Amino acid sequence: MSDLFDIITAAAFWSAAIRIATPLIFGTLGELICERAGVLNLGIEGIFTAGAMSGWMTVYLGGDLWTGVLVAALVGAGFGLLHAVLTVPLGLSQHVTGLGITLLATSASYFTYRIAFPNVSSPPRIEPFQPISIPGLSDLPFIGPALFQQTPLTYFAVFLVIVVAYILARTPLGLAIRASGENPAAVDSQGLSVYGLRIGAVMAGSAIMAVGGSFLTLSAFNAFFFEMIAGRGWICIALVVFASWKPGKALLGALLFGAFDALQVRLQQSMGGAIPYQLFLMLPYVLSILALVIMSRRAAYPNALMIPFIKGQRS
Amino acid sequence: MIRLEPRQERSSALSIAAPVVAAIAALALAAIPLFIAGAPLGAAYAAMFNGALGSQFALAETLTRTTPLIFTGLAVAVAFRARLWNIGAEGQLYVGALAAVVVGTGMIDAPGFVLIPLLFLAGGLAGAALMAVPTGLKLKFSVDEVVTSLLLNFVVLLFVSMMLEGPLKDPMGLGWPQSEAIVDEGTLPVLMARTRVHAGLILALFMAVIVHIVMARTVWGFETRAVGSNPSAARFAGMSTSMVMLRVGLVSGALAGLAGVSEVAGLKGYLTQDLSPGFGYSGIVVAMLAGLHPLGVVVSAFFVAAVFVGADSMSRAVGVPSYIANLTVAVALLAVLVAGVLTRYRIRIQKPGARNV
Amino acid sequence: MTGSSQTPAQQASLALSISGVTKRFGNLVANDAISLDLAEGEILALLGENGAGKTTLMSILFGHYLADEGEIFVANGEGHLAPLPPGSPKAALNAGIGMVHQHFTLADNLSVLDNITLGTESLLKFWRSDRAASARLKELQENSGLHVDLDARVGRLSVGERQRVEILKALYRGARILILDEPTAVLTPQESDALFATLKRLTATGLSVIFISHKLNEVLAVSDRLAVLRAGRKVAEIDAKAADRALLAETMVGSAVQPNVRRAHIPGEAVIVARNVRAPDPRGRQTLENADFTIRAGEILGIAGVSGNGQSALAALICGLVAPQEGEIVIAGEPVRRFSPRALMQAGVGRIPEDRHHDGIVGTMRLWENLALEDIRDPAAQTGGFLRQGALRIRAKEAMSAFDVRGGGPETEARLLSGGNMQKIILARVLDGEPRVILANQPTRGLDVGAVSFVHRRLLDARARGAAILLMSEDLDELLALSDRVGVMYRGTLSAIHPAEDMTVRRLGLLMAGHDDLGDAA
C-alpha cells in the first residue's frame, strides 16, 4: 500500500500520466466535435495512424516539427472530409464507413511508410519535441515538474480543450454545431447548411485526432512503428461517452485514464514478474469498457447522433 | 445541390452489379498507389493475377486464404443483418483457436471423427461466449457494442500472448511463444495433394449454405431480418428483440470462433500470436461486399483472398509493399458502400438558384 | 390599417405572388400550374384534403423543393415584388418568409432562446449577443402575446408552447409572411382560438399569413380569403365572408363523399375492462393514473386528449409494451397476467399503432412478410421453424385484395407503399384474426380522404361484428363520428366517459384543457 502511495505522490508519475493522456485528449476532443455535430467517427483509429505517420514523415524529410503537426492535421482533415462526404450527404452507415476509413487510413500509412523504408530493421528516428519549462510555474514544488515541464503539444492540447469548450458553448458557430447534432431539421429551417456544418465539424475533429497521432511520433517517441496506435482511437470513443460529450470532462477523463495507465506501468515494474505483464496491459481496455458500462445509464447522446439528414425527408 | 431520390424498385441486377463494380473500381484505383510506388503497372497487375489465380498452386493458396474469410465474413454478415455491430471477429477467432489448442493438444484422446467435431464445438462455444459479452452489455446497459467488441480484440490478443508465454507454451518451442501442436487425430485433412487447402474449406462452404437457409427460410432468419431493419416494429409485432439479438450475437461469435479452429487445426497446426493477419477485420469487408448475403460471402471472401494472395506475389515480383492488398480491400469496402447508395437512390444534381422553366 | 391607401388593396400591397407553379414526383403531379396572391395584412387559408398538394406548394415556397415550372415573387422592403430564388430556404428566410411546419423543427435539448437565435448571427462571430436577443424577444412577446419562458429547455414545453416558439422564431427573423402548416392539428379548440387571436393581432401590424388546413370550420373563422386545392390544382379562390360551407366541402373533396354512418345498436357484454390501472409511459412521459373503463362488444370508446397527457401510456399498455404498476386489465373475463405484445395478441387484442412507419411496418421486408409479422410463430406460418412461404404468399395475396392494397404485390417492399396502403396492410394484419379487442391509435393520421373513409368503414364493420374498439384520435370530428362513448385524457387521468351524442367538439376541448366544470349529470 505504501508502494502505491509513493507512486502516486511522485511528480514524475503525474508528469507521465499527463504525457500518456495527451494523445487521448486530442482524440477525445476530436471525436467529441464530430459527435456533437451528429456524426460518429470510427475512422479515429486510422486517422491517428495517418497523423502519426505523416507528421513523422514530414519531419524526417526535413520539415520542422510544427510543419509536421500541420501536415498531420491536414491529412486528418482529408480523411475526415472523405468520412463526412460518405456519411453526411450520402447518408451511409456511420459505423461501416468509419471502419472503412480506419482500414484505409491505416493501410495507406503503412503502405507509404514501407515505400519510403522498404527494408529497415530498426525504425529511423527524428529529433522530437523537447519539454518546455514554463518560467515561474515549473519551479513550483510538485506541481511544477508534474504539470509545467511538458512538451509543447501537451500545452496545445489543453489550450485546444479551452478553445473548443468556448466555441461550443458561447459562439453562434458552436450553437449551430450542437443543433446539427440535436435536430438537423432545426438547423435547416433556420437557413443554415446542415451538410456544411457536419462536414466542417468532422474535418476539424479529424484534424485534431490526427494531431493526437502526431504527438506519438513527434513528442512521446521519435519514430513510427506499425500498430503503435494500439486501440487508442477506440479508447477515445469510450472516453467521449464517459465525458458526456463535454470538452472539460473529456480532459478530465483523459487525465484519469492517463493516470491509470501510468500506474499500471509502475505497478508492472514494481511487481516485476509476479503477475503476467499482459494483465497490466489489458487494464486500459478493460477500464474503457467499464467506463462505458458505468456511464451508460446516464449517457445523454446527442439526439441526432448517427441519424443522417436527408432534405425534405422526415426521420 | 445534390438530392437523393429513392428508386421505386430495387432491381436485383443492380444489387449484384454494385459489388462487382466496386471490386473492379478498387482494383483500378490500386493503380494510384502502384504508380506512386513506381511499379510498372502492367507487370504488377499481371503478377497479382498470376499469383492469385494463375496456377493450380496459386489457386490453392487463394482457397486456403478464402477459408477463414468465409467464416469471419459470415460472422459479420449475420450480425450486421440484425444491426448488431460485431467488430470483434478478430478476438473471437483467437479464442476459438485457443479453445481448439486446449482441447486438441492431448487433453482428449479420441479418433478424428470425434475429436475434430469436438474442436469445432469448443472453438464455436468460445467465440460465442466472447461475443456474449458485448451483446449482453448492449442489451443490459445499452453500451455500444462497436467499441466494446473492438476493445475486447486487444484484451483477447494480450490474453493469448499470456497463455502462450504461460500455461500453453510449448516446452519444445525453442522459447518462442507458441502452443504445442494439435494432435494428428485433430488435424484437418488436406483436400488437394501438395497444397495447403484443407477440409476447413468444406465446412466453411457448408456453413454458408446453412446460414443462407436459416436467414431466408426460417423463423429465426425472419426475426433476425425484422429486428435488423425495424426493431421497434419487430417488438410491436411480438418478437423479443433481446432474444433475437442475443441469438445473433452467439451465432456470430461462434462462426468467427470456427475460423480460429479451422486455421489452427487445418493450416498452422499450433497457435501463435500471428495466427490471423486481420481476418476478423477483413470479414467486415467480405460481408459488406456480399451485401450481407451468406452465399455472396463465399464469392467476396474468394475475391478478398485473391487480392491478398495476389498482392503477396506482386510484392515479391515488383517490389511494392504488400500493404497494397489492405489498401485495395479498404477501397473496395468504401466503394461498395457508395455503389449501394446508387442502387437505392437516384442522385439528382440541381443547381440552387437556377431557374427550372 | 397603415397609410398606404393609394390603390386598390390587391394591386398595391401584394406580399407574395405565386405564378404557375408545377411540381411533379414521377408520374404524380403534386402541383399543377398553381397561381396565388397574398395581400399584406391578410390571412389566406389554403384548404384541401391530405394529398391535395398544400404542403408541397409551401415546401416549394420555402425552398425545400424545386418547382418544375413557375415562379414566386415576394415583396421586398419597399413593397416591390421581386423574384424569389428557388430551392433555397435561406433566400426564403431573407425574403421575410417564415414557416411553421406541422412537425416542429426544434432541438429539444436546447433552450428556447438557443432555438430562436440559431442561425441569426454570423457563424464567424466570437461571441453571442444573448442579452440583446432576449430584450428584443421580450418586446416581441409583449406585442404578440406569444409568451413562453426563454430559458426553458424546449423538450419540457407543451405542444402549444412549442408552436409559440416556432412563431417567435419566424417573427424574430423579421418574417413578413408567416406560413402555418396545419397549426391546429395538435391544439385543443381553445388553444386554437388563442392562436387565431394572436394571428389577428399580428396581421393588424402588417404581417401576412398563409394558413394551411383541412378543417373547414376553423378556416372560416380565422381567414380573410380561401383558396382550395384538390389533386394538385387550385379549384376555388373566394372571400371568406362569401363562402358557402356545403359547396366548399364538396369543392374540397371533389364529389359528395358518403359519410360512414355508425348505426345504432345495443352493445353486448363487457369485453375489456380496466380497473384502477396505473401504467408508465415507455418513453418516460406522462404516466397513466388509475384509469377505469369498460368497452363492450360492438362498442367504440373514443379517447381524446392533447398529445402527451397519458394516451401513449394507455396505448402502450393495451399493446403489451408496458405492464400496469397497479390495477388490472380483464379481457373476456380473464385478467391479463403477462404483459407483452404476444400475450396481448393471444388474449385477442388487435393493435393499430400510432406511428405506422416506426411500429407498424418493416420497410425493407416484403408485403407478405409484413403481413406475417405478428403470427410468424403460429403453426399456420411455420413448420418446425421453417417458414411456410407458399401459404404465406397466398394468404398475403388474399388479404391484399380483401383490403384493396394498391401499389404492389406480395413481393413488393413495404417502404414503397403510400401511407394509405401501408395502413391497409396493417389493417389487414390486425383485422384478419377477427380480434375481440381493437386498439386503433390515430388510425387515419395523414391519410387522404379515400383512405380515411376506408379505415372508418373497416372499423365500423369490426364494431358491427362485435369487436370492442378503443379509438384514440386527435381528429375530434372523427372521434365523435365513430365513437359510441368518449372520454378525455388530461394529465394522465381519464375523465368520466360520456355518450358521444352528449358531446361536442367544444366540450371535448374544455376537458382536454383540464376544465372539469361540465356539471355533468352522467
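Between chain B and chain C, the contact draws on 22 residues of chain B and 30 residues of chain C, two residues being in contact if their C-beta atoms, placed from the backbone, lie within 7 Å. The model is a predicted one, in which local features need pLDDT of at least 70, side-chain atom pairs count only at pLDDT 80 or more, and totals for chains, interfaces and linings use all residues. Residues are numbered from 1 along each chain as its sequence is written, while chains are lettered from A and ligands numbered from 1 in the order in which they are written. On the side of chain B that touches chain C, helix H9 (219-229) and helix H10 (231-236) of chain B each supply at least two residues; helices (H or I, at least four residues) and strands (E, at least two) are DSSP runs, numbered from the N terminus. H9(B) gives the most to this side, with 6 residues. By class, the side of chain B that touches chain C has 10 nonpolar, 9 polar and 3 charged residues. Here Ala, Val, Leu, Ile, Met, Phe, Trp, Tyr, Cys and Pro count as nonpolar, Asp, Glu, Lys and Arg as charged, and the others, Gly among them, as polar.

Turning to the partner on chain A, 38 residues of chain B are in contact with 38 residues of chain A. Strand E1 (2-6), helix H6 (112-141), H7, helix H12 (279-289) and helix H14 (323-344) of chain B each give two or more residues to the side that touches chain A. That side of chain B divides into 32 nonpolar, 5 polar and 1 charged residues.

Within chain B, helix H5 (residues 89-104) and helix H7 (residues 145-165) pack at an angle of about 25°, with their axes 8 Å apart. Axes are lines fitted to C-alpha atoms, for helices over the stretch in contact, and angles run from 0 to 180 degrees between N-to-C directions. H5(B) and H7(B) are therefore roughly parallel to each other, the term used for angles under 35 degrees. Among the residues making this contact are Tyr94(B) and Leu98(B) of H5(B) and Leu152(B) and Val156(B) of H7(B). The residues of the contact of H5(B) with H7(B) comprise 8 nonpolar, 2 polar and 1 charged.

Chain A itself contains 13 helices and 2 strands. Its C-alpha trace spans about 60 × 45 × 40 Å along the principal axes of chain A. Of the 315 residues in chain A, 56% are buried, that is, 20 or more other C-beta atoms lie within 10 Å of their own, with C-beta atoms placed from the backbone.

Key. A residue is buried if 20 or more other C-beta atoms lie within 10 Å of its own, exposed if 12 or fewer, and partly exposed in between; C-beta atoms are placed from the backbone. Angles under 35 degrees count as roughly parallel, over 145 as roughly antiparallel, 65 to 115 as roughly perpendicular and the rest as oblique.
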